[in-house]
Amino acid sequence: MKHKIGSTVSLILTRFPIVVGITLLIILSLSIWRVQKLEINYDQIELMPGELNSIKASKEMIDLVGGVGFFLLALKSDDVDHMKAVSDELAGRLEKMPEVRSVTYKQKIDFFKERVPFLIKTEDLEEGYSRVRKKIRSILNKKNPFSFSLRKKKKEEEVNFDDLIEKYKTMNKRQVDDPYYVDPKKEMLMMVIKPMGDPTDIDFTRDFVKKIDVLINNFNEKNQIKAVLKEGYNGLVPGATVTYGYTGGYKRNLDDSETIRAALVPTSIFAFTFIFLYLVFFLRRLTHIIMIMGTLVGSVVLIYGFCEISIGELDTITTILAAILMGFGIDFGIHFMYRFREEFTRTGSLNQSIRETLIHSGAASAASAFTTAAALYILMISDFKAFSRFGFLTGTGILITAFLMYTVLPVMFLLIDKIFPNFKNSLIIKDKKTLIDRLGSIEFTHANKIVIGSVVLFFGLLYFATQISFDYDARSLMTADRPSVVLQEEINKRYTISSDPAGVYTDTLEEAKALYEKLTPIPKNSTMDSVISIFTMIPANGQFEANREILLKIKERVDMIPPDLIEDEYKDKIKMLEDFLKIKPFGIKDIPEHIISQFRPVPGSKKDGYLTFIYPTISIWDGEALIRFAKEIGTTKIDGNEYHAAGMAVIFADLAEMVLRDGRRFIIFAAIAILIILLVVFRKIRVASFALLPLIMGMIWMVGLMDISGWHINFMNIVVFPVVFGYGVSSGIHLIHRYIESDSVSIAVHRTGSAVAASSITTLMGWAALLVSQHRGLESMGILACFGIAGALIVSLVVMPSMIQVTRNYREKKGLI
Amino acid sequence: MKKLSLILTILFICNGVPVSLFAAGDSAQILKTVKIVFKAVQKKKYDLASRQLDYEGMGETVMRHHWKKMSQSDKAEMIKGIEVLNRKNSFPNGTDMFKHLSTILYGKPRIKKNTGWCKTTVVVYQNYKKKEIVIDFKLNKRKDKWRVVDIYMIGEGVIDGIYEDDVKVLIKEGGIPAVMKALRETVAEANKK
């Protein structure tokens, strides 16, 4: 069949090169036109399946409160009053920006301050009472002549209330002793900005940050309080009266995408340059290289045009399509050129060379392209659109690139031949052997030893491969010391918050109460740190009366103490105690509007219910813990109703689970798909198994070496697995094809092995460029790809041929061949 | 009918009279005990003062529910130790305070079963300043005798406070043996005086 197809295609190309050429040019022109309309959509929520509860809830939350997540402007200064004055000025200006929905940086705290003892846990108040008595005894023991003690008191046993005060200085994640959002040390002030746009809309956030930069510059030029603001993330900036920094969900998303973008540009240039230089060194013909690279660029443009027609946009993962396709596509060009030159050197005829190349190398490349595409198309089963689109576009791109390499390159030679007839002589291979040719000359006289050694190495690395772990920590994917991340961690530490909260909406107050009672008290070992609801603002049932009783007991004791025995620091507190006892029981209806509004949808929202916020104990960077958090609070069932949590934490948890689940499914289905295709192509299990060797052994070597060198699989490099699958199977297919054709291991390795080595090394160089990236996620992708491709290459050129030789020797001995 | 009501009245009065007689007797005893404590301490008659104190009751108060778990020898040692500490520390300190004693006002004793209270106001003149110290004595009736088991000031008992501030901590550190060890050390130090 391959003869028939190859002959037919070569006939069309050789007879109608101009028609074919013009057709391809028209297609290319149309692609260029469509590519210009292509946009990049950074909205990650759009990539998630819409039917996920976390997505539905988050989209609803966007309507209720104007979005999930915040933009944080953190101010730092050693003068807290000046910092507060700056925040007052800045808030006024920020609120005038049309992109800003609200700015929160202080709150009225009177309601809490007046009622603090009734909002704290009764057992804590009991503890306070017990300490008051202890304090009285310690004073008395100094004055009472009849007192005695059984032991000497240690200094740290001196009675103080600092820990209790500290515990309740922050209530409902806010300071109650200062209306401004300052940290307990009064060194930082947080301004929480709610922008109008989506946190996943990177373009919006980029513009937003620029506008805030302009606003701050203008403020620096003209303000009444002699403030000088400078951006800084490592302590206070010299010369600044206030140091500021940006963080929060909006900024972190922007930094993430910009870091990847910034990392890709130099690495792409690096990869392209190295590949080009390598090809110059080994192919030696600049014109051939330009033809291959030109065809490659054309196929990338074609696939981007196809993307615009089929999907309409790129996303954060498909933006790296060009790099992946160039890596794959160059292989087809190299395989074509190597075989084409070989055939022309032998026959001297362009038409015959094209025919033979298409029949043999073309068939192998087609099998390789279909197998790799099939493996990538498996990704389309994923619910995560980024994966499914990536699989669809990359799979289709590989097929398109393979097709173009084996059509455009022959057509180019045919057309050039019409104008420059001597050009085809550049295809003639001189006697001088290249390094790759020399490598291909290795005879497999030590095949047995190589096989034994490989098997030992295989099992050795298999052990390490089974030890590899998944790195759930998202920080390991980021640039080291990214400012927004550093600042976020500083805020988390200062304000003792671990992450953005998840939000749950309920239609009625009764449902909000039922939800609050269901979630609290928080069980031990829970991933929940606190539940903040409208019901946190009032005492629990019976708590007001119980706490008031204790306050009365404290008052009674304090009244007994002669005034001269009361230390000055406690006199104000006694006055406060008297004020507390004047407070009447209070409920929801007594809560001021500015507090209630935090738990209600924004004006203009379609809903009129209540919001409950759940703060996690876990870090937003810990993917495994996020999954546990999402499992715990993702859906709460009460009386037959389900309440779904919204927020970046639950979205990332769903994303993490999806990636892991799809990653496992992909490996299994891809392996089955590849095996089926290989069986169809080669018709024999033994042959198909040999073709799979570089893939299987290469993968084990890759994972084993990663574990030895301390690398882990993570959310980013997991997408490299299908790429490595593709290379592994491609090498095997090309070599097996040549072996079947020539019936000689040495010839297969000598001839096709050179092309396999060249294509693998160029690809290796492309991925190795990622190793210099600042972005750790990209670096990990580079490491995984390099180990995998290098492993597959060594297996292809050394182990597989040795195994074939050993099998062949055995079959010859048994008289089977 | 008249006879019946007369009999009932007599019975009623008879029931009341012994109680009130007893009550009157207990009150007087309580007052007497407290007065003896004050006078004895003032005049350094510590043996006499010591006989007015219920050391066993003090031991029970200091150790609370742990008292039942203690061995007889430990109990005996605790009782003796408290006596020593009172004689060596409390009484001499009390004597010092009473140097400037002006007067003592005694409140009416309050009795509930075998526990009695007597609030006193000690008026002291020192450096031309009048000081009033309110001391509430708590007494136990044991074998028909009222003895002092604790002294309260500003609602806090001396002996009761020892459980909260010392015994609780020592029990946590090392149980009853830790309490006994601390007692021995404190007594040894007091004996050095």
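Buried area is the accessible area that two parts lose on being put together, summed over both. With that term in hand, I turn to the structure before us, which is a predicted model.

Three residues, Ile154(B), Glu156(B) and Asp165(B), supply 28% of the area that chain B buries against chain A, more than any other three residues. Counted by residue, the boundary brings 33 residues of chain B into contact with 23 residues of chain A.

Which elements of chain B supply the side that touches chain A? At least two residues each come from helix H4 (72–97), strand S5 (145–153) and helix H5 (158–191) of chain B. H5(B) provides the largest share, with 17 residues.

Arg137(A) forms a salt bridge with Glu156(B), with the closest N and O atoms 2.9 Å apart. Arg137(A) also forms a salt bridge with Asp165(B), and there too the closest N and O atoms are 2.9 Å apart. The latter pair runs from helix H5 of chain B, where Asp165(B) lies, to helix H6 (residues 122–143) of chain A, where Arg137(A) lies.

Are these two partners, Asp165(B) and Arg137(A), buried or exposed? Asp165(B) has a relative accessible area of 5% and is buried. Arg137(A) is likewise buried, with a relative accessible area of 5%.

I now move to chain A as a whole. Chain A contains 26 helices and 14 strands. Its C-alpha atoms fill a box of roughly 115 × 60 × 55 Å, taken along the principal axes. Of the 817 residues in chain A, 56% are buried. Among the contacts in chain A with a separation of 6 or more, 80% are between residues 24 or more positions apart.

In soluble globular proteins, nonpolar side chains tend to be buried together. Here the largest nonpolar core has 262 residues, and Trp767(A) and Met63(B) touch the most other members. Setting aside residues up to four places away in sequence, the neighbours that Trp767(A) touches include Ile324(A), Val720(A), Tyr727(A), Met781(A) and Ile789(A). A second, separate core of 43 residues includes Phe71(A), Val100(A), Leu189(A) and Phe208(A).

My next example is Arg738(A), which lies in helix H24 (residues 720–742) of chain A. Arg738(A) is buried, with a relative accessible area of 7%. What does the side chain of Arg738(A) make with the side chain of Glu342(A)? The two side chains make a polar contact, at 2.6 Å. Other residues that Arg738(A) touches include Arg339(A), Asp743(A) and Arg751(A).

Arg738(A) also takes part in a salt bridge with Glu741(A), at 3.9 Å from N to O. Both residues lie in helix H24 of chain A, three residues apart, about one turn of the helix. Whereas Arg738(A) is buried, Glu741(A) is partly exposed, with a relative accessible area of 33%.

Salt bridges that share partners also form one network, which joins Arg133(A), Arg137(A), Arg557(A), Arg64(B), Glu156(B), Asp160(B), Glu164(B), Asp165(B) and Lys168(B).

The side chains of Lys631(A) and Glu657(A) meet in a salt bridge, at 3.3 Å from N to O. Lys631(A) lies in helix H21 (residues 623–633) and Glu657(A) in helix H22 (residues 648–682) of chain A, so the pair ties together parts that are 26 residues apart in sequence. Lys631(A) is exposed, with a relative accessible area of 61%, and Glu657(A) is partly exposed, at 31%. Over all chains, the count comes to 54 salt bridges.

Technical notes
Residues numbered from 1 in each chain as written. Chains lettered and ligands numbered in written order. Predicted model: local features only at pLDDT ≥ 70, side-chain atom pairs only at ≥ 80, totals over all residues. Heavy atoms only, no water. Contact = heavy atoms within 4.5 Å. Buried area = accessible area lost by both parts, 1.4 Å probe. Salt bridge = Lys/Arg side-chain N within 4 Å of Asp/Glu carboxyl O. Helix = DSSP H or I, 4+ residues; strand = E, 2+ residues; numbered from the N terminus. Core = buried A, V, L, I, M, F, W, Y, C linked by side-chain atoms within 4.5 Å. Buried < 20%, exposed > 50% of the residue type's maximum accessible area, 1.4 Å probe, protein only. Polar contact = N/O pair within 3.5 Å; in protein donor to acceptor, adjacent residues only side chain to side chain.
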